[in-house]
Amino acid sequence: MKTVVLIGDGMGDWPCPELEGKTPLQAAVAPNMRKIAAAGKLYLADTVPPGLPPGSDVANLGLLGYDAREFYTGRAPIEAAGAHLPLKDTDVALRCNLVHIADNKMVDYSSGHISTEDAAPMIATLQEKLGRPGLSFNTGVQYRHLVIWDGGPTDPVTQPPHDILTQDIGKYLPHEGRAQELLDLMEASKEILANHPVNIARKERGEVPVTQIWLWGQGPALKIPTYKELYNLTGTIITAVDLVRGLGVLAGLDTPEVPGATGWIDTNYQGKVDYALKALETQDFVYVHVEAPDECGHVGDAKLKTQAISDFDAKVVGPIWQALETKGEPYRLLVTMDHRTPVEIRGHSAEPVPLATLEGPIGPVSEECAFDEFINDGNIDIRTFEWIPTWLRGEA
Ligand SMILES: [Zn+2]
């Protein structure tokens, strides 16, 4: 039995005026997801445990069959695992975004989706000026970087910068506990980056300059049982982002780097499909994660998000489903999203999302049914993240 999970990050949404009142999922061309929903079982799913934030970290942990209430220590330690930065027991990892703040407002959590090429020299300069024994700045991908801090603060309340776009940062700055130590680093970064050669070049090219670092998502190492231990499954996670790769590393799954996988709408869809199908030749489980719909939600572009969903359906869901059918061996398929990223708020929201499962092979399917945020006609089953382990074990 092959088990396949396909995740379109942040695909869920709210009705958008730009789409004549439809959600991007409703407006997208998505025949494959609608056929899977029609031929299989369709649910609404609460992917986020009550009381936890609807982040991709918590939600993907749940979709992988782990209870975030038991294991979750913060986002940054997961990304550190994804970046192959091992943490000692006394280490604290912190996410370090390169952001653009103006008039005390969070204008851009990504400084114009800065390239890794531009970001790396800035992180190197921060390491030179602010790094010290036991505290290091580590270059990640694009705007996403990490500070690893032996004995660093775990107790401040911090805020994901992508959830406070256009808002005044005042009340979202690190507060409580040892917050001042984070504030000091963030403050010191302003002067260091203000006259950085990369920033000067970015301004000359008309690109968004980085005004400072933003520290958040801190925590000590996350420890979870492996997939082999929990589900007796071998498998692979296909993703472009360190966060989801980190969950794979921690779960003892393979996490190959797919060439050209970017986390954006220009990602190498075919490469991701090829790697997934290759993994299934020798393994039991594959989890394919596509980041683009979420990023389009954060950018606030309903039409682009619709396109990202159509691409996910046509270039990932369709080919993988077809390959499973062609192969003719028993398989279990699950298609869903980790949370909603409504274009209107350019951040995450915690309402339930549609989730479809299918057991095959089942032969050609022509019927389609709705696969969107409004499928609940009163008869539909609601599932929570706690149901996922049951499905993974083949008991659902
Ligand atoms: Zn997400």
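Buried here means under 20% relative accessible area. The model is predicted.

1. Ser-56 and His-339 link distant parts of the chain, 283 residues apart. Ser-56 sits in helix α3 (residues 56–63). His-339 sits in the loop between β10 (331–336) and β11 (353–360). Both Ser-56 and His-339 are buried.

2. **Length of helix α13.** Helix α13 (residues 302–327) has 26 residues. At 1.5 Å a residue it should span 38 Å, and its end C-alpha atoms are 36 Å apart, so the two values agree.

3. **Kink and ends of α13.** The helix has a kink of about 30 degrees at Val-317, shortly before the proline Pro-319. Asp-301 caps the N-terminal end of α13. A side-chain oxygen of Asp-301 lies 3.2 Å from the backbone nitrogen of Lys-303. Gly-328 follows α13, and its phi is positive, near 80 degrees.

4. **Sheet.** Seven strands form an open sheet with mixed pairing, in the order β8-β9-β1-β10-β11-β2-β12. From one strand to the next, the twist averages 20 degrees.

5. **The β2–β12 pair.** Strand β2 (residues 41–46) runs parallel to β12, and four bridges join them. Leu-44 has Ile-382 in β12 as its bridge partner.

Note on methods
Residues are numbered from 1 along each chain as its sequence is written. This is a predicted model: local features need pLDDT of at least 70, side-chain atom pairs count only at pLDDT 80 or more; totals for chains, interfaces and linings use all residues. Side-chain values use heavy atoms; hydrogens and water are left out. Helices (H or I, at least four residues) and strands (E, at least two) are DSSP runs, numbered from the N terminus. Buried means under 20% relative accessible area, exposed over 50%, partly exposed in between (1.4 Å probe, protein chains only). The expected span of a helix is 1.5 Å times one less than its number of residues. The bend at a residue is the angle between axes fitted to the seven residues ending there and the seven starting there. A polar contact is a pair of N or O atoms within 3.5 Å; within protein, one must be able to donate a hydrogen and the other to accept it, and residues adjacent in sequence count only if both atoms are side-chain atoms. Two strands pair if DSSP finds at least two bridges between them. Axes are lines fitted to C-alpha atoms, for helices over the stretch in contact, and angles run from 0 to 180 degrees between N-to-C directions.
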